[in-house]
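The following exercises, each with a worked solution, concern the structure displayed below. Please examine it before reading on.

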Amino acid sequence: MSEQALVQIKNLSKTIGSKRIIKNLDLDLYKGQITGFLGPNGAGKTTTIRMMVGLMKPSEGDVLIDGKSVKHSFEESIEKVGVIVENPEMYKYMSGYKNLLHFSRMHKGISKKRIDEVVHQVGMKNRINEKVGSYSLGMRQRLGLAQALLHDPKFLILDEPTNGLDPAGIREFRLYLQKIARENGVAVFVSSHLLSEIELLCDRIAVIQNGELIDIKNVKELQQSRFLFKVEPLAEAEEILSGIGFPVSRFEDGLLVETEAQHIPGAVKILVNANISIFAVQPFKATLEDQFLEMTGGGDIAQAHTK
Amino acid sequence: MLKLIQNEWMKLWSRKSSWIMVILLAVILFGTAGITKWVNTAMPIENPESWQEVETNELAYNMSMLENTELSDAQREYYEGEVAISEHRLENDLPPYEYDSMQQGVIESHIMMSIVTLFTVIIAGGIVASEFSQGTIKMLLTRPVKRWKILTSKYITTMLYAILLAIVLFIVTALAGLIFFGIGDGTFLTWNGSEVVEGSFWLEGLKMLALSFASVWIIGTFAFMLGTVFRSSSLAIGLSIFLMFTGIQAVFLLADYEIVKYYLFTHTDLTQYYTGFIPVEDITMTMSVIVLIVYFIIFMAISYLTFGKRDVTA
């Protein structure tokens, strides 16, 4: 990408004791783009995110946010970041509003009007003056999002943000994130275990395993067009299709063909003419889950192989 | 920084326990005053001594103390002052405040300061530790505010609470005295080093209160450090209170060794230079203040270093 990255993770490493938890991580994040952060349990997602927001000190490397180093100019860099690290823990003995007031005082120039605006955005207007202790998990997530958005950040880091939201809430949340990414050019970095959710939400996916970045992919690449042919006899059909230039592979009891939808009627016609019985032709979508498992080799918890 | 303190202050008063401690302090003060009043009325002392008799006995005792050649300078000065005051009273017929008067209560209000210390320790030990136990620390530290500023705002808030408790102590003592005992007769006399002069009981009460605040300050700082280092409010509070009670006893055990002069609890009670009860020889007010400041710097340095460097995994 020619555009200057908003967030640059440079050679980030963390060693605890003699164990290297994160190994020379390099990753750029861009304006208006939602990047998903995936990895099996214990791969180092949370550690990476904690280093990005200054909760943990990197052993090596640095994170630059809009050109400012988190290590050396913490206040200037973190000013532009909105954060939800795991469950957003709030002060339970205070109202939602007081919690927001509390966090707003830690940023420069957030007016009461801005607080009201954010409360409205996350749909908490009716319950904002109640104590956080009485909130459900979903409401706490909304309040968590509100505190992350208060200062209009250029960069949002979310660790497991949809945890505890109901389906309608998740959808609303997704649309909202996509909206602020598109309209306000906010860079978003989301870690989640809900692969289907990441697939719908993100433009790009970074996969981490054993502290190493193993793959970065655009979601569009992942969703290449494939069709599943259920035909008989199988061998003959395979020969015909590959004969006319389609990439074909066997999948379960059918054939998997990589092609665009416009070529399907032609292919069907040829098969019919060759007296092949066609039972079904359907678009085939490998889920992100399949690909994720493929990439991480089964999703064992990291370090399990050292047993 | 002001906004950070405002935040801490808001969080402090959003918790019921902070209110309860203030109310409890007032209740305890009213209670003790009430019980004293009740005991005095139920069991009046038969044939009470006149103030002249009491003063003559004290004079004789203080004179005898002065004959001791091993007195330290601080102790000698104290007894000389007491003798001068007693003589002045007897010569000029100036009685001291009655022991059950509002004024005497105000002068002695600092004796209840240990309750203020106790409550301050509870706040000091919890103000950092609770952020960790609630998990809110990660919300607090991912703001564009450096860690040392957050820690400073918490420390200042703790001390403001302690000062508030001391003020409540002073005012409630005066109020309870007024209600239960009323304004008594007498004068307050003080020795300024060369002559006996009349003084204000309000100022004397405030002076003693300020001196005894040194122990609230240093023990509060100690609890603050423990809470920051161990992230456990119960450990910080428990250990601080334990040391507060046993630490002073240890002064007597250590009294024969040189090390006692550098031991914290030898110096926590600054009122000792005005009440004459100085368990360790050869210490002075200046030395005590210096020792306290050195301990303060050590406690703060440990707090700032651990809080600033810690990886937050809560």
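**Exercise 1: Aromatic pairs**

Over all chains, a search of the whole structure finds 17 aromatic pairs, that is, rings of Phe, Tyr and Trp (its six-membered ring) with centres within 6.5 Å; planes under 30 degrees apart count as stacked, over 60 as edge-to-face and the rest as tilted. The model is predicted: local features need pLDDT of at least 70, side-chain atom pairs count only at pLDDT 80 or more, and totals for chains, interfaces and linings use all residues. Residues are numbered from 1 along each chain as its sequence is written, chains are lettered from A and ligands numbered from 1 in the order in which they are written, and side-chain values use heavy atoms, leaving out hydrogens and water.

Task: classify the pair of Phe30(B) and Phe180(B).

Solution. Step 1: the centres lie 6.5 Å apart, with 65 degrees between the planes. Step 2: the pair is therefore edge-to-face.

**Exercise 2: The interface**

Task: state how many residues each chain brings to the contact.

Solution. Step 1: contact means heavy atoms within 4.5 Å. Step 2: chain B provides 31 residues and chain A provides 30 residues.

**Exercise 3: Salt bridges**

Task: find how many salt bridges cross between chain B and chain A.

Solution. Step 1: a salt bridge needs a side-chain nitrogen of Lys or Arg within 4 Å of a carboxyl oxygen of Asp or Glu. Step 2: the rule finds 2 salt bridges across this interface. Step 3: Glu75(A) forms a salt bridge with Lys149(B), whose closest N and O atoms are 2.9 Å apart.
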